[in-house]
Protein chains: 2
Amino acid sequence: MKKDLLQASIEPLLEYFNGLIPLNEIENQLVIESFQPRLYRNRQYVLQEGDICTKFNFVVRGCLRMYKIDDKGNAHIIQFTTENGWLTDLGSFHGQKVSKLNIDALEDTMVLQISYDNLIALYKQAPKFDRIFRVLIENSFILLQERLLQNISSTAEERYLSFMHMYSHLSNRLPQTQIAAFLGITPEFLSRIRNNRSKPKA
Amino acid sequence: MKKDLLQASIEPLLEYFNGLIPLNEIENQLVIESFQPRLYRNRQYVLQEGDICTKFNFVVRGCLRMYKIDDKGNAHIIQFTTENGWLTDLGSFHGQKVSKLNIDALEDTMVLQISYDNLIALYKQAPKFDRIFRVLIENSFILLQERLLQNISSTAEERYLSFMHMYSHLSNRLPQTQIAAFLGITPEFLSRIRNNRSKPKA
DNA sequence: CGCGACGTTGATTTGCCTCAACGATTGTGG
DNA sequence: CCACAATCGTTGAGGCAAATCAACGTCGCG
C-alpha cells in the first residue's frame, strides 16, 4: 500500500527538515501531505531528456545519478545522490521547460518527491520552506563551486584522490566507469591512475 | 558624502529586487538601511585569502572577479560579476569561516554590500528576502551547473566559443589572460585558438 | 551457457602545457 | 613629457597528460 510506503519513508525527510530548522506540527503535516513516495528499480529513468522535470526528489534509500549525453554518445555525470540527498534538474524544474539531462537509478532507489505545483503551494502555505530550500541550495551551490574549481585547476589524479576522500562511502558502491564519467575522464585512464598508485615508483 | 553615494547607487538594487518580487515601502526602506555603498579602485581587493568573507556584494557599476591561487601561483577564476550581479564567497560567508579565495576589482567598481549580520537580520525582519535570495541563488546554481557540465564534457575551443556567446558583453572588456584563467587554459593556448579560427582551413 | 558490462593493458595520437623570445601597449614616476 | 617597466598578445619548439582504438580476461546475470 502507498500508505505503508509513506509511513516507512517519511521519517528521514522530517528529520532532515527538522535538523535544518525545527518545524511545528502543521508544517510537519504539510510535508507529509506534499511529498509522495516512489520506488525506482535499478536503471529505471527518473527523468529523461526532452521531458520537463516536474519533481524535486529526496533520496531515502539507494542512489541516483544525473547526467548529460554528448554528441558522441558519452555520458557526463553531473551529480550522484544517495541517502538524505536532493536531486532535480533545477533549470528545467524551475522554469518548467524541456530538460537536456537524464536522471536514473544506479540501485533500487526509494525517493520522496514533491511536484512543482506542490512545492510552490508549500512555499505559499509555510514561508519557512523558502528559508529551508534557500539553505539547502546554498549548500549545494558551495559544493558545486568547489567541484568546478577542482576541474579547472587540478589534474585527473588529484580530482580522483579528492573524490575518493570526499565520497569514500560511494567508492565501493559505484563501478569505475561511473566514477570516470563523474570525473570527466575515460575509464581506461582511471584504471591507469589507480594502478600507478599501488606501485609508487617501480 | 556617503549619503550622496547611497542616493546615486541604491536605485538599481531596488529595481533588481522589485523585478524579482515586488517590495512594499517598509521592505524598500529595509534595503536602503541594510546595504552600504562602497567604491573599489581597479585592482583593489574586496576579499583576500585567509580573511573571513563578511560581505555579500551587489555590483552597481564595474567588474569584480573571484579566483583561487594554486600552489604554482596561477589564478583560476571562478566568477566574473558585472552590473546587477552578485558576488560573495558563499562558503566563507555562510559558515563565517576563513576563505581560500580572493575577490578583486578589474575596473573601478561601485558595489552595494550587506554584512552577514545585517543579512541575517533582514531575513528575520522580512521573510520575503528568504525567497528572493532563494531564487537568486537558484539562478546562480543553474548557471554554475551548466558551466561545470561544459568543463567536464567540452574541449577548450568549445568552451571559448560558448563563453564568447554567453558573455559577449565581457569579451571586449576583459584581457585575454583573464578569459583564459576563467576557461581553465593558458593564455598562449587561448591565443592559438583565436588565430586558428580566423583562418578556417589554410 | 552465452552475452554484455566491466576492468585492464598496450600502442599510438592529440590537446594542451611549458618555456622562451619578441613586438606592441599601457602606465607611471622622474 | 619622456623613459622605462610592466602587462599583454603572439609565435615557435618541445614535452606531457589524457584520449583513442584495440584486444583480452573476468564476472554476473538472464
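User: Hi! Which strand pairs with β3 (residues 55-61) of chain B over two bridges, and in what sense?
Analyst: That partner is β6(B), and the pairing is antiparallel. Strands here are DSSP runs of E with at least two residues, helices are runs of H or I with at least four, and both are numbered from the N terminus. Two strands count as paired if DSSP finds at least two bridges between them.

User: And what stands opposite Asn57(B)?
Analyst: Leu87(B), which lies in β6(B).

User: Before I go on, what kind of model is this, and how are things numbered?
Analyst: It is a predicted model, where local features need pLDDT of at least 70, side-chain atom pairs count only at pLDDT 80 or more, and totals for chains, interfaces and linings use all residues. Residues are numbered from 1 along each chain as its sequence is written, while chains are lettered from A and ligands numbered from 1 in the order in which they are written.

User: Thanks! Back to chain B: what is the strand order in the open sheet?
Analyst: Four strands line up as β1-β8-β3-β6 in chain B, with antiparallel pairing. β1 (36-40) and β6 (86-87) of chain B are at the edges with a single partner strand each, so one side of each has no neighbour in the sheet.

User: Which helix lies across β3 and β8 of chain B?
Analyst: Helix α4 (residues 116-125) of chain B does, running at about 60° to β8(B). For such angles, axes are lines fitted to C-alpha atoms, for helices over the stretch in contact, and the values run from 0 to 180 degrees between N-to-C directions.

User: What about β7 (residues 102-105) of chain B, which strands pair with it?
Analyst: β2 (residues 45-47) of chain B pairs with β7(B) over two antiparallel bridges, and Tyr45(B) stands opposite Asp104(B). β4 (residues 64-69) of chain B is also antiparallel to β7(B), joined by four bridges, with Met66(B) facing Ile103(B).

User: Switching to chain A, how many bridges join β1(A) to β8?
Analyst: Five, and the two strands of chain A run antiparallel. Within that pairing, Gln36(A) has Gln113(A) as its bridge partner in β8(A).

User: How many residues of chain A are in contact with chain B?
Analyst: 27 residues of chain A are in contact with 27 residues of chain B; contact means C-beta atoms, placed from the backbone, within 7 Å. β5 (75-81), α3 (90-95) and α5 (128-153) of chain A each give two or more residues to that side, and α5(A) gives the most, with 17. By class, the side of chain A that touches chain B has twelve nonpolar, eight polar and seven charged residues. Nonpolar covers Ala, Val, Leu, Ile, Met, Phe, Trp, Tyr, Cys and Pro, charged covers Asp, Glu, Lys and Arg, and the others, Gly among them, are polar.

User: Which are closest to DNA strand D?
Analyst: Thr155(A), Phe189(A), Pro175(B), Gln176(B) and Ser191(B), among 16 residues that surround DNA strand D. Here α9(B) gives the most, with six residues. The surface near DNA strand D has five nonpolar, six polar and five charged residues.

User: Last one: where is the pLDDT of chain A below 50?
Analyst: Over residues 198-202 of chain A, a stretch with zero contacts in the model beyond near neighbours in sequence. The mean for chain A is 93, and 94% of its residues reach 70 or more. pLDDT is the predictor's confidence in each residue, from 0 to 100. Where pLDDT is low, the predicted coordinates should not be read in detail.

Methods
A residue is near a molecule or strand if its C-beta atom, placed from the backbone, lies within 6 Å of it. Two residues are in contact if their C-beta atoms, placed from the backbone, lie within 7 Å.
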